[in-house]
Amino acid sequence: MSLAIALTKGRLEKKTIELLEQKGYGIESLKAKGRQLVFQDTKKDVKYFLVKANDCITYVEHGVADVGVVGKDTLMEGGKDYYELLDLGFGRCKFIVGGMEGKNPLEKTGHVKIGTKYPNVALDYFQRKGMDVEIIKIDGSVELSPVLGLCDGIVDIMETGATLKENGLVVYDEVADISARLIVNKAAFKTKREEVMQIIKDLERNEEDAE
Ligand code: PRP
């Protein structure tokens, strides 16, 4: 049976394509893409489409994609009707709590304002700490929000740490480790079990893949 795979555009895209190629998938058209969004594998009975991270979960949850490749950050923020079956080992970064140097939001008493692209993750973190938190949703360049005084701190992803550093921010806590994950539609896990297990086997990391 044919397998439909939703791939996340952007940060994870290059590494996902590299991994598929390395594991013997025929992804020439994905590499040469212009504005095209759907691609047929040239070696296997697999179709790919490129979507934004949140949409990757949506397509998998609705069964339009049998399998998805998406970051753990997006999975932690929303969606739950899928099986997360594999840590693909790339796209490694961390969810952190950051703030201006010398102004730790975790030590602030009373009402704390936190800027983030991930309101659910941030709310969950501060509520667990029993803090009186107000989450301010930011769509990008989150580091700017404490610099300009909109927030006392941020919850964001950090990869190299360069963006924090260059804007005078420091890490006050680490919330979770993040990497790319393989998710599977629940029905497809039954009806296309053989195909799903095959791609898991193909993409599973082994000794040679160690970073
Ligand atoms: C992410 C994140 C940080 C930055 C971290 O933003 O929100 O801003 O990358 O990376 P670093 O630790 O290597 O500096 P992204 O590049 O996705 O842009 P955006 O904030 O505009 O969404």
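Predicted model: local features only at pLDDT ≥ 70, side-chain atom pairs only at ≥ 80, totals over all residues.
View B. The side chain of Lys117 places an N or O atom 2.6 Å from a ligand oxygen. For Asp156, a polar side-chain atom is 2.7 Å from an oxygen atom of the ligand.

**View C. The shell around the ligand.** Here you can look over the 13 residues around the ligand, of which Lys117, Asp156, Thr160, Gly161 and Thr163 come nearest (near: a heavy atom within 4 Å). Five of the shell residues are charged, five polar and three nonpolar, with Gly counted as polar. Strand E9 (153-158) and helix H7 (162-166) each supply at least two shell residues, and E9 gives the largest share, three residues. Helices (at least four residues) and strands (at least two) are DSSP runs, numbered from the N terminus.

**View D. An aromatic pair, Tyr83 with Phe189.** The structure holds four aromatic pairs (ring centres within 6.5 Å). In this one, the centres are 5.3 Å apart and the planes stand at 65 degrees, so the pair is edge-to-face (planes over 60 degrees apart). Tyr83 belongs to strand E5 (residues 83-87) and Phe189 to helix H8 (residues 186-191), so the pair ties together parts that are 106 residues apart in sequence.

**Notes for all views.** Residues are numbered from 1 along each chain as its sequence is written, and side-chain values use heavy atoms, leaving out hydrogens and water. Local features need pLDDT of at least 70 and side-chain atom pairs count only at pLDDT 80 or more, while totals for chains, interfaces and linings use all residues.

Terms used: Polar contact = N/O pair within 3.5 Å; in protein donor to acceptor, adjacent residues only side chain to side chain. Phe/Tyr/Trp six-rings, centres within 6.5 Å; stacked < 30°, edge-to-face > 60°.
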